[in-house]
Amino acid sequence: MLKHVIFAASLMLCASASAQNTAGQRSDRKIIEISKIVKLSPEQEATIRKAYDAYNLTVDSALYVEQDPVKASRMKYAANKTFYKAMMGALTTEQRNSYIQVTSIPDVEAKTEYNLSLLREGGEYTESELKSVKKDIFNYLMREKLVYMRDKYDVAKQKDNIRRLKDTQPKAMKQSNIIEKMKVQGRLQNGKIKW
């Protein structure tokens with residue numbers, strides 16, 4: 001009997017050590033990911049690591065314990081929000097902007113190319129003109145992305161800031177939006193407007 005108790009206790013101790021090791025590996029990966037972009041102080045690293053470990057516990061509970069998919073989804077949303085606010089709160093404004101910019105580059109590049117393709121389809125720009133407006137469109141979309149990500153969980157603030165940012169939208173971006181609307185309405189086909 002004593003052998004069984006000792007065996008069970010050692011199994012529980014191994015499982016606990018394994019779980020701690022897995023949590024440590026997860027937070028190590030997250031710290032490495034962030035550190036590739038911005039240099040973290042030991043205090044920032046500790047804050048982010050603690051928040052990420054708590055995030056993983058909640059997400060694991062939502063995934064493996066909670067049976068109600070709606071509750072699990074809400075748990076995951078709350079965990080994402082809590083972690084994101086903790087991480088962004090730990091970073092300086094400069095670090096936050098750098099992190100958002102670097103992680104957003106692929107998305108902003110794709111959106112820039114999409115807007116350029118709309119302008120190309122509209123037929124009002126030459127290829128050399130498109131090259132010259134590309135940077136303006138990219139920079140505007142990056143500013144927009146910064147606002148979206150910075151205010152990710154404060155929808156009212158996000159909407160207000162985006163509304164004000166729209167006033168600085170470059171002319172080519174506005175034209176791209178018009179072309180997109182015309183295309184959706186079926187009024188633009190093969191670069192020609194159907195009245």
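Predicted model: local features only at pLDDT ≥ 70, side-chain atom pairs only at ≥ 80, totals over all residues.
Local features were kept only at pLDDT of at least 70 and side-chain atom pairs only at pLDDT 80 or more, while totals for chains, interfaces and linings use all residues. Residues are numbered from 1 along each chain as its sequence is written, and side-chain values rest on heavy atoms, with hydrogens and water left out.

Salt bridges come first. A search of the whole structure turns up 13 of them, counting a side-chain nitrogen of Lys or Arg within 4 Å of a carboxyl oxygen of Asp or Glu. One of these joins Asp28 to Arg49, with the closest N and O atoms 2.6 Å apart. Asp28 sits in helix H1 (residues 2-35) and Arg49 in helix H2, so the pair ties together parts that are 21 residues apart in sequence. Helices here are DSSP runs (H or I, at least four residues), numbered from the N terminus. Asp28 is partly exposed at 36% relative accessibility, and Arg49 is also partly exposed, at 22%. For these labels, buried means under 20% relative accessible area, exposed over 50%, and partly exposed in between (1.4 Å probe, protein chains only). The pair belongs to a network of salt bridges that links Asp28, Glu45 and Arg49.

Glu113 and Lys134 meet in another salt bridge, at 3.1 Å from N to O. Glu113 belongs to helix H4 and Lys134 to helix H5, so this pair ties together parts that are 21 residues apart in sequence. Glu113 is partly exposed at 37% relative accessibility, and Lys134 comes out partly exposed at 37%. Asp151 is buried at 4% relative accessibility, whereas Arg150 is partly exposed at 39%.

The largest pocket holds about 170 Å³ of space. Its lining includes Lys30, Glu33, Tyr52, Tyr55, Asn80, Phe83 and Lys152. H1, H2 and helix H3 (69-90) are the elements that give two or more residues to this lining, and H3 gives the most, with four. By class, the pocket lining has seven nonpolar, one polar and three charged residues.

The whole-structure search finds one cavity of 30 Å³ or more; the largest cavity has a volume of about 30 Å³. Val108, Lys111, Leu141, Glu144, Lys145 and Tyr148 line the largest cavity. Helix H4 (93-122) and helix H5 (127-150) each supply at least two of the lining residues, with the largest share, four residues, coming from H5. That lining splits into three nonpolar, no polar and three charged residues.

Finally, the surface. Leu63, Tyr64 and Val65 make a nonpolar patch of about 380 Å². Patch residues have over 30% relative accessible area and no salt bridge, with nonpolar side chains joined within 5 Å and like charges within 9 Å. Tyr64 lies in helix H2 (residues 42-64) and is exposed, with a relative accessible area of 61%.

Definitions and conventions: Areas by Shrake-Rupley, 256 points an atom, 1.4 Å probe, with all protein chains shown as cover. 1 Å grid on protein atoms, 1.4 Å probe; cavity = no way out; pocket = protein on both sides within 12 Å on 5 of 7 lines; lining within 4 Å. Points joined across faces, edges and corners; volume = space filled by probe spheres on them. Nonpolar A, V, L, I, M, F, W, Y, C, P; charged D, E, K, R; others polar.
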